[in-house]
Structure formats: structure tokens, C-alpha cells
Amino acid sequence: MRLRVFGSGSKGNALAIRSGGTLLLLDCGFSCRELEKRMTACGVCPADVTAVLFTHDHDDHCKGIATFHKRHPLVPLYANGNTADAIATLTGVEDGWRIFETGEPFAIGDVSVSAFSIPHDAADTVGYLFSDAASSLFVATDMGVPTLPVKYALAQATCAVLESNHDPTLLACSDRPVSLKQRIAGRCGHLSNLDAADLVREVAPPNLKTLLLAHLSRPCNAPHLALESMREALKDIEREDVALAALDQDEPSDLYEF
Ligand SMILES: [Zn+2]
Ligand SMILES: [Zn+2]
């Protein structure tokens, strides 16, 4: 399986997964022009996309889909029913949807897909476990608290894209309104650096080779803080062999193969 993240954070999210002849795009949270520019720069041809999947209906995960769908009308759009309805209302994209039930695995080409619920303040947010014959990719961002299905999926991961949104002290000291601070730190908000590290400590995924920290807040986090917290967790579980990196909002990631 191969993974490229085109950008991660509150200004836009999208990543591509390739296995055999299947190319999946997860979320479409940049303008279509920006997304296609980043894809092309990474050698990923937008016309080759087999399917688009969505985690949830927030703007930073779906804002490019109306134009992408116009340009590539035959590419199916996968989401659970509530998320598809909400994205259709938000973007006007009414057709092309393939609705799945959260918790019921399905296949797209060479990839088996399993969606699990995560607590977040959108219509019906999910994370995903993508598997082929060789490996499994876990993706969960925009997550208030890690639930049992999250832990179960992470335990199977070869590669994980995990939210490490904010440093709790930087969030508390920021000049953001109290209501927004409470939303971010709440049960339906975003996972902090410490939450992400505790999750990895608890699950200690036995097959994990690569761990990518995602959706870092620009004002309330810094890559070195997120990496430091996670490095400590990996040390605690004696897994300093895991390759660790923080994803960026503006720059596409390296190409990961696992
Ligand atoms: Zn988001
Ligand atoms: Zn969100």
C-alpha cells in the first residue's frame, strides 16, 4: 500500500492511498484547483482516482468536492448516510453517492475498507482502516476522545495517520474565545498531543511501522511539541523503531510505502 498526504490541518485535508490498481482519495478539503495541483506535483493523476471517501462534512474535509465531482462525474463518492446528506446540503453534490453503514466492512477494488465512529461535532464522523493483503492503514483525525472501535482499529495498523491537534497549555493560553477552547478540548472536539500519546501507549499497536501526526493546530501546537509527546510514548512501549513524522498543512508528505 502507498500513501501520500496532500495536506493536513484546519485549512484543508486530503490524502491518497494506492493498492494495486486502486487509487482512493480520502477527503477533498482543498479547492479542487489546489488539490489537483498538489496531486499532480506528487505524480498522482486526478483522473486515475477510483473513488473518493469522506470522514465528515466539515469544510476542511469536503470543500473541493463540487468542482472535483463536476470534473470527474463517474468517480463514486463514499460516505455514511448522514455525512452524505450533510455534504450534499453544503456543496450541492446530490448524485454519485455510495452509502455505507459505519461498522460494516466493504471493498473498493483491491482495498478492504472499514469505517468506525468517532466523537466529533459533525453529522456522523468516521475514521477508517484500509487493508490489503499485505498491510493496514489507520486514519483518524477530528476526534474528541478515542473510543473502543478506534483502539481496535489502531491495534491492527501497519501505518497510522493520527490526530495530534493541540498542546493543552498553548490552547489554554491562546486568545481564542472560551467557547471555542471548550469545543476543541471537549469530547466532540480534537485530540491533544497528550491524548494521542496516551492512546498509542495504551494500544501499543504491534505491527506499527509508521506513525504520522495529523491535523496539527497552527496557533495551538508546534511540530516539535507533538513529536516530543509521541516520542515519549513510543519509548515507553519500547517502539522507538516506529518511523514518526508530523504532517504539514501546506506541504504534501513524503511517499510512504508499507
Ligand atoms: Zn478537520
Ligand atoms: Zn472536523
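**Entries on sheet and helix packing**

I began with one pair of residues: Leu26 has Leu53 in S4 as its bridge partner. I noted that this is a predicted model.

Next I looked up the strands around that pair. Strand S3 covers residues 22–26 and strand S4 covers residues 51–53. They run parallel, and 3 bridges join them.

Then I asked which helix packs on the sheet and touches S5 and S6. I found helix H4, residues 81–91. Strand S5 spans 77–80, and the direction of H4 makes about 120° with that of S5.

I also looked up helix H1, residues 32–41. H1 lies across strand S1 (2–7) and strand S2 (14–19). It runs at about 140° to S1.

In what order do the strands of the open sheet come? I wrote down S6-S5-S4-S3-S2-S1-S14, which is 7 strands with mixed pairing. The edge strands are S6 (97–100) and S14 (256–257), and each pairs on one side only.

**Another strand pair**

I moved on to strand S12 (residues 210–214) and strand S13 (residues 243–246). These two run parallel, joined by 4 bridges. Leu211 has Leu244 in S13 as its bridge partner. From S12 the chain passes through H9 to S13, and I recorded this β-α-β crossover as right-handed.

**Helix against helix**

Helix H8 spans residues 193–203 and helix H9 spans residues 223–236. Their axes are 9 Å apart, at an angle of about 20°. That is under 35 degrees, so H8 and H9 are roughly parallel to each other. Their crossing is right-handed.

Who meets whom? From H8 I listed Asn193, Leu194, Ala196, Ala197, Val200 and Arg201. They meet Leu225, Ala226, Ser229, Met230, Glu232, Ala233, Leu234 and Asp236 in H9. I sorted the residues of this contact into 9 nonpolar, 2 polar and 3 charged.

H8 also crosses helix H5, residues 148–155. The axes of H5 and H8 come within 10 Å and cross at roughly 65°. This crossing is right-handed. Lys151, Leu154 and Ala155 of H5 make the contact with Leu199, Glu202 and Val203 of H8. My tally for the contact of H5 with H8 was 4 nonpolar, no polar and 2 charged.

Definitions and conventions. Residues are numbered from 1 along each chain as its sequence is written. Chains are lettered from A and ligands numbered from 1 in the order in which they are written. This is a predicted model: local features need pLDDT of at least 70, side-chain atom pairs count only at pLDDT 80 or more; totals for chains, interfaces and linings use all residues. Axes are lines fitted to C-alpha atoms, for helices over the stretch in contact, and angles run from 0 to 180 degrees between N-to-C directions. Angles under 35 degrees count as roughly parallel, over 145 as roughly antiparallel, 65 to 115 as roughly perpendicular and the rest as oblique. A crossing is left-handed if the near helix is turned anticlockwise from the far one by less than a right angle, and right-handed if clockwise. Two residues are in contact if their C-beta atoms, placed from the backbone, lie within 7 Å. Ala, Val, Leu, Ile, Met, Phe, Trp, Tyr, Cys and Pro count as nonpolar, Asp, Glu, Lys and Arg as charged, and the others, Gly among them, as polar. Two strands pair if DSSP finds at least two bridges between them. A crossover is right-handed if, with the strands pointing away from the viewer, the path from the first strand over the helix to the second runs clockwise.
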